[in-house]
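This briefing sets out selected structural features, grouped by topic. Please read it alongside the sequence and the coordinates.

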Amino acid sequence: MLAAVLALGACGGSGAGGGAGPVRLTWYVYNESSGAFAKAAADCSAGSNGRYTIGVNVLPNDSDGQRQQLVRRLAAEDSSMDILALDVTWTAEFAEAGWAMPFPAAQARTLTDGMLPAAVETGTWEDQLYAVPLNTNAQLLWYRKDLVPQPPRTWDEMLTAARRLAEEGKPHYVEVQGAQYEGYTVLFNSLVASAGGQILNDDGTEVELGAPAERAVEAIRALADSPAADPSWSNQREDDNRLAFETGSAAFQLNYPFIYPSARQNNPELAEQIGWTQWPTLVPGQPSHSTIGGYNLAVGAHSRHQAEAADAIACITGRDNQIRNAIDGGLPPTLEDLYTDQRFIDGGYPFAAAIYTALQNASVRPQTPAYQSVSLQIAHTLSPPSSASTGRLSQLRGAIADALESKGLVP
Amino acid sequence: MTVAVDGAERGNGRGSPETERQGNEAKRRGRRGRAPLSARARAERRLGWVLCAPAVIVILAVTAYPVGYAVYLSLQRYDLRFPADSEFVGLANYGTVLSSSLWWQALAVTAVITVISVAIQFVLGLALALAMHRAMIGRGLIRTVILIPYGIVTVVAAFGWRYAWTPDTGYLSGLFGDAAPLTEQVQGIGVIVLAEVWKTTPFMALLLLAGLALVPEDLLRAAKVDGATAWQRLIRVILPLMKPAILVALLFRVLDAFRIFDSIYVLTAGAYDTRSVSILGYDNLFTALNLGVGSSLSVLIFLVVALVAFVFVRGFGAAAPGGEDHR
């Protein structure tokens, strides 16, 4: 892949210098391990009829690292920032700071045609589209069919089932993110939303965190105090959960669909037994609202080739590339009709219907330019899970209110 | 090297106490009290300034300007995410930092790491320095082996420690029954101190070795003849003579340890209340993008470091580097 990038760079460089020939665009994106992004870049370059070539500039794997690199270059007005892969939580920040270009309304409609409204909303700030959804993401409740005949619908049912398995001496852990990082904020957001509340108000200007937040904290504590909690919960991220589930010590896992291709590769026997259902809810009879994730593509504000960059984004987020990202890399597509496309489902995406339902009920994380500080305060105040208590919520409210005003220190 | 110069200066001072007193007196009286300079001396002085001007300008550009800019930023409300809201806020950012429990907690953690790690490094470093000094056979080999940890990039070493202490995969974690010390404050700080000690003890040993070279062999033999035990020779003869080297070593290490960043960044990233002041500054500057508050943190760290250096030079003044009176 490196050779391909270098080759692209070489031919792009010569073209841009001469004024004729293809414009060289740089796409800043994390290192997608299946190579689907590199293939998309090559295909789109080839299909542009010599208008542009796309070079991939690989960012770190963790989203904090990606954001720091992007922000550092953007703050220095680096003109090579043509196409930016933005986590769904950064839209407000990048828009407000003037780092991403808004798309004109007509172009925005074409670019997002046929895409899931929930995914489009993550790329939108103050009614303007700043980033086109590349892939979306939602967690499901994955369980072992050989241990759990009837999948739980609520958080309490899940803990009860786990406790019963523990008494029988069977694998019983609930694998979920608990380290002090973004994933823990996602868990809190999903719980608050599933209890019928939200962290900030709709405008992202005031703290809410009412009774549903108390319910969410109680749910975290209930898991922490039950035998269902993995002993290393307070240090677990998505991939630790995947590994623990694959090695057979768990009965449940709250995680993204990437775990499924992985399990089929690493433990095919266990993969046969994996069932999936909606995220557990906190209000019986009401659907859960797991947190929407994913990546969107934006045009950098200091790019000298914004028109070409927008065209390249249209190509990268196109149908064929989305299918390849989904099948090869497990990234849920943003095109709505794929979720009912039988060929796509049979081609390696059996849980498409469950993800589709989850996405329709999905909750978004607080939309504010200060999201990063808000998230840090949540993860910090409620960590480790075993010490989370409703008493800390008032402290959290104050910390978030400060963060929204960019007052105070972030942990 | 500093130590060697120190020794030489001391020799000069002893040789001509008269000149030194005169020099001190001239300094006290200041510039005005001096005899007027001859035209040639003035020309030479001007040439001196011209010759060192390029270096001064470069130093100003790379140090004074960023420091000054940080001070300027620290007086602003300046958040990259809210560029429109930038304004002058005076000392408000300092108030924010100093009234935050996060700052005091990070300061305490940093102080604990500094004091404990430097204390252990001193004891181990002294032992290693004595071993290197006394080694009769394989001297080169011993010195090389001792220096290996210092030659390893800190981040690489820190990753080594992190994997070693990760449950399931780490050999050290497995040794202690799948312990996960990096998820708990006190144990996490313990691992950070361990990594620091492992890494920089060789540096301490090297500085102390330079000091050991100052101890005259005859003096030790004389002490031996007088019946001093090995311990007494260490405490009564070697250490007092090494004092300048010890102070240099401690000053270097304390200032270095106080700015600890990379091993914590890799080991815990500051989670579970193990963050140092530098980690706190980084998080506020690069993650929160709050340049105002972040810069005031940087300035405060700078002031604390300056204070520590001042206390070292004044408090132990006599033999510290740059001290004027070497008796």
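Of the 327 residues in chain B, buried residues make up 40%; buried means under 20% relative accessible area, exposed over 50%, and partly exposed in between (1.4 Å probe, protein chains only). This is a predicted model, in which local features need pLDDT of at least 70 and side-chain atom pairs count only at pLDDT 80 or more, while totals for chains, interfaces and linings use all residues. Residues are numbered from 1 along each chain as its sequence is written, chains are lettered from A and ligands numbered from 1 in the order in which they are written, and side-chain values use heavy atoms, with hydrogens and water left out.

**Chain B overall**

- Chain B contains 14 helices and two strands, where helices (H or I, at least four residues) and strands (E, at least two) are DSSP runs numbered from the N terminus.
- Among contacts in chain B with a separation of 6 or more, 68% are between residues 24 or more positions apart; contact means heavy atoms within 4.5 Å.
- Cys52(B) has 30% relative accessibility and therefore counts as partly exposed.

**Interface of chain A and chain B**

- On chain A, 28 residues are in contact with 28 residues of chain B.
- About 2,300 Å² is buried between the two chains, and carbon and sulfur atoms give 59% of that area; buried area is the accessible area (1.4 Å probe) that two parts lose on being put together, summed over both.
- Gln68(A), Ser406(A) and Leu409(A) supply 28% of the area that chain A buries against chain B, more than any other three residues.
- Six residue pairs, both members at pLDDT 80 or more, are in polar contact between chain A and chain B. A polar contact is a pair of N or O atoms within 3.5 Å; within protein, one must be able to donate a hydrogen and the other to accept it, and residues adjacent in sequence count only if both atoms are side-chain atoms.
- Helices α3 (63-75), α4 (91-96) and α17 (371-381) of chain A each supply at least two residues of the side that touches chain B.
- The largest share of that side, five residues, comes from α3(A).
- By residue class, the side of chain A that touches chain B divides into 13 nonpolar, 10 polar and five charged residues. Here Ala, Val, Leu, Ile, Met, Phe, Trp, Tyr, Cys and Pro count as nonpolar, Asp, Glu, Lys and Arg as charged, and the others, Gly among them, as polar.

**Salt bridges**

- Side chains of opposite charge can pair when their charged atoms come close.
- The count over all chains comes to 20 salt bridges, each being a side-chain nitrogen of Lys or Arg within 4 Å of a carboxyl oxygen of Asp or Glu.
- Glu196(B) pairs with Arg253(B), with the closest N and O atoms 3.5 Å apart.
- This pair links distant parts of the chain, as Glu196(B) lies in helix α9 (residues 185-212) of chain B and Arg253(B) in helix α11 (residues 230-258) of chain B, 57 residues apart.
- Both partners count as buried, Glu196(B) at 8% relative accessibility and Arg253(B) at 1%.
- Salt bridges that share partners join Glu196(B), Arg253(B), Asp256(B) and Arg259(B) into one network.
- In chain A, Arg319(A) forms a salt bridge with Asp337(A), the closest N and O atoms being 3.2 Å apart.
- Arg319(A) is in helix α14 (residues 319-329) of chain A, and Asp337(A) is in the loop between α14 and α15 (342-346), 18 residues away.
- Arg319(A) counts as partly exposed at 35% relative accessibility, as does Asp337(A) at 42%.
- Asp146(A) and Arg144(A) form a salt bridge with their closest N and O atoms 3.1 Å apart; Asp146(A) counts as partly exposed at 42% relative accessibility, whereas Arg144(A) counts as buried at 9%.

**Disulfide**

- A search of the whole structure finds one disulfide over all chains, defined as a pair of cysteine sulfur atoms within 2.5 Å.
- The disulfide joins Cys44(A) to Cys315(A), with an S to S distance of 2.0 Å.
- Cys44(A) lies in helix α2 (residues 36-47) of chain A and Cys315(A) in helix α13 (residues 306-316) of chain A, so the pair ties together parts that are 271 residues apart in sequence.
- The disulfide is left-handed because the torsion about its S-S bond is about -95°.
- Cys44(A) counts as buried at 1% relative accessibility, whereas Cys315(A) counts as partly exposed at 28%.

**Surroundings of Thr122(A)**

- Thr122(A) lies in helix α6 (residues 117-122) of chain A and is buried, with a relative accessible area of 4%.
- The side chains of Thr122(A) and Asn296(A) make a polar contact at 3.2 Å.
- Not counting residues up to four places away in sequence, Thr122(A) touches Val88(A), Thr91(A), Ile292(A), Asn296(A), Val364(A) and Gln367(A).
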